[in-house]
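Here is a short briefing on a protein chain, written to be read with the model open beside you. Please have a look at the fold, then go through the points by topic.

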Amino acid sequence: MTKNQKYLLYILLVWVLIFLVHLDVIYVNIMEARNFITAREMVTDGNWILTTMNAEARYEKPPLPTWLTAISGLIFGFSSLFGMRLPAALITLLLLYVFYRFIPKLGVTLKHSFLATLVLASSFYIIFMGRNGQWDIFTHSFMMVAIYFLWNFFNSEKNLIKNAIFGAVFFGFSFLSKGPVSLYALLLPFLIAYGSIYGFKGFTRKWKAFFIFLVIALFISGWWFLYVRLADPVSFIEITSRETTRWTNYNVRPFYYYWSFFTQSGIWTIPAFVALLYPYLKTRVSNKKAYKFALLWTLAAVVLLSVIPEKKSRYLLPVLIPMALNTSFYIEYLFRCFKELPKKENWVVYFNHGLIATIGLVFPVAGYFLLELEGHWFWYFSASIVLFGLGVALFYFLKKQKYPRVFYLTVAFICGIIVFAFPLSNAFLKNPDFRNFDELRKLSEAGGFQVYEYATETPEIIWEFGKPIPKLTRENFRLPEEEKFGIIMREQDSVLIDSLKGDFEVLSSKRYDLNYVNPEASGYKDRLIRQFYLLKRKD
């Protein structure tokens, strides 16, 4: 087995442990619910192009990730969370593979590329998005593939047409995943860094191939938007106007909101910060030019994102890609020189990895006192043994100053958390009043009545219900014409039922609570609670 094959096998193993194992453990969040509903309605209602959510137009997001999720739903069933989240995990594997293939083009070793890929795979927000049915990971993974071919295009006179075509196709796939997000947050910073460090030499001789790139990229990126604009202009204009307005007046944060961006790398927070200290690291890296490129790519992405008034933590996902590369230059330096580092430098390493090791050592005690372990003893003992063992090993190899083993054990620590500790998240899910809305769907199907929702619309409820729930608006409120029907509403709106009792008989009522967490917990949400009434017209 060659060194390249060995590294690829290890990357695949890490991906399996981090992104596949227990993929269905966490319950569906609001963003996933929106996406999964749209995927389900593609299949059940045939809305593959004119996408919908709860039987209403949903053109906020292009359809490519939804198509992939709908296909996975067809294969595994829409009740399988593993199947619904699998496309995001697979796209993350694509990201890791292309990232690994891209880095040696900067003139660094294959081992350096391997280390950078492990940093990327074990970074917090990459893990979160790669295990989650959200579309950010799709758009940035596809754009990373486009960047790979664009690098080839800029740096060689060979295979210009091939690189232009493949770059354009994956650029288009990125656009069909989440519009211009990755163009702005990942590709533009790459072009700024590339132009500043390497320069676009000989580009004038490539204009014909670049024209092909533009034509294909524009076609793939724009055909869906054009089709929807012509097929449903009213809804399209209303939705795009609303989305555009959000960029300037929704979730507005100050310019410096993203300045703690390096913390999104999780266990690599401290190494990521040190790697940003150019005056310190510039004389220590193995390839100064490549390091300057990675640093500028990272900082350009942060600055460009900071300019946009609307800010959310998950928008930092594209920054983690060049930041993993940037962090790897510090990691590679530690691989070479850790034993020779003076105390004023190596204390950072001891503190960072010692903190991780300490978490492993205290987990058995902390888990015993903080978690409700009834029914979870197997995972508690498994996680305790594995994390405690890794903590001991980390301290041992730190003392021996064998940094390569410390690094690999840190990656293994993340794998251990996902494989053995992740199922313990269910120990927090103790809501005695929990009642799922799939029970209500079965009740309505057995009883032959339609369920309506009054005034509000909550994606998680619609997802769990299993099919669209017609909405009765507060402004133009009209009761259904059926003799018997069900209605769900927030508890504060239940006074409406009193006003209907003259004309309707309340056959039954139930309270549905979709909160998986305890009512005492901070994650408990009133918006996931509904009161159900089954009404029948009086003779």
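Gln-401 counts as partly exposed because its relative accessibility is 25%, where buried means under 20% relative accessible area, exposed over 50%, and partly exposed in between (1.4 Å probe, protein chains only). You will find Gln-401 in the loop between α17 (377-399) and α18 (403-421); helices (H or I, at least four residues) and strands (E, at least two) are DSSP runs, numbered from the N terminus. This is a predicted model, in which local features need pLDDT of at least 70 and side-chain atom pairs count only at pLDDT 80 or more, while totals for chains, interfaces and linings use all residues. Residues are numbered from 1 along each chain as its sequence is written, and side-chain values use heavy atoms, with hydrogens and water left out.

**Backbone points in loops**

- Gln-401 is not a glycine, yet it has a positive phi of about 60 degrees.
- Ala-455 also has a positive phi, near 75 degrees, in a residue other than glycine.
- The loop that holds Ala-455 runs between β3 (451-454) and α20 (459-465).
- Ala-455 counts as buried because its relative accessibility is 18%.

**Overall build**

- The chain has 21 helices and seven strands.
- Its radius of gyration is 26 Å, close to the 24 Å that the globule rule gives for 539 residues, so the chain is as compact as a globular protein of that length. The radius of gyration is taken over C-alpha atoms, and the globule rule is 2.2 Å times the number of residues to the power 0.38.
- Taken along the principal axes, the C-alpha atoms of the chain fill a box of roughly 90 × 65 × 45 Å.
- Of the 539 residues in the chain, 54% are buried.

**Salt bridges**

- A search of the whole structure finds 18 salt bridges, a salt bridge being a side-chain nitrogen of Lys or Arg within 4 Å of a carboxyl oxygen of Asp or Glu.
- Arg-336 pairs with Glu-332 in a salt bridge, with the closest N and O atoms 2.9 Å apart. Both residues lie in helix α15 (residues 317-337), four residues apart, about one turn of the helix. Arg-336 is partly exposed at a relative accessible area of 40%, whereas Glu-332 is buried at 12%.
- In helix α19 (residues 438-447), Glu-445 and Arg-441 are four residues apart, about one turn of the helix, and their side chains meet in a salt bridge (3.6 Å, N to O). Glu-445 is partly exposed, with a relative accessibility of 46%, while Arg-441 is buried at 19%.
- Arg-530 and Glu-453 also form a salt bridge through their side chains (2.7 Å, N to O). This pair links distant parts of the chain, with Arg-530 in strand β7 (residues 529-537) and Glu-453 in strand β3, 77 residues apart. Arg-530 counts as buried at 0% relative accessibility, and Glu-453 is buried with a relative accessible area of 1%.
- A network of salt bridges links Glu-60, Glu-238 and Arg-242.

**A charged patch on the surface**

- Lys-201, Lys-282, Lys-288, Lys-289 and Lys-292 gather in a surface patch of positive charge.
- Patches are made of residues with over 30% relative accessible area and no salt bridge; like charges are joined within 9 Å, and nonpolar side chains (Val, Leu, Ile, Met, Phe, Trp, Tyr) within 5 Å.
- Lys-289, one of the patch members, sits in helix α14 (residues 288-307). Lys-289 counts as partly exposed because its relative accessibility is 44%.

**Pairs far apart in sequence**

- Leu-387 counts as buried because its relative accessibility is 3%.
- Ala-521 is placed in the loop between β6 (504-513) and β7. Along the chain, Ala-521 and Lys-430 are 91 residues apart, and their C-alpha atoms are separated by 9.6 Å. With 33% relative accessibility, Ala-521 counts as partly exposed.

Definitions and conventions
Areas by Shrake-Rupley, 256 points an atom, 1.4 Å probe, with all protein chains shown as cover. Lys, Arg positive; Asp, Glu negative; His and termini not counted. Charge placed at Lys NZ, Arg CZ, Asp CG, Glu CD.
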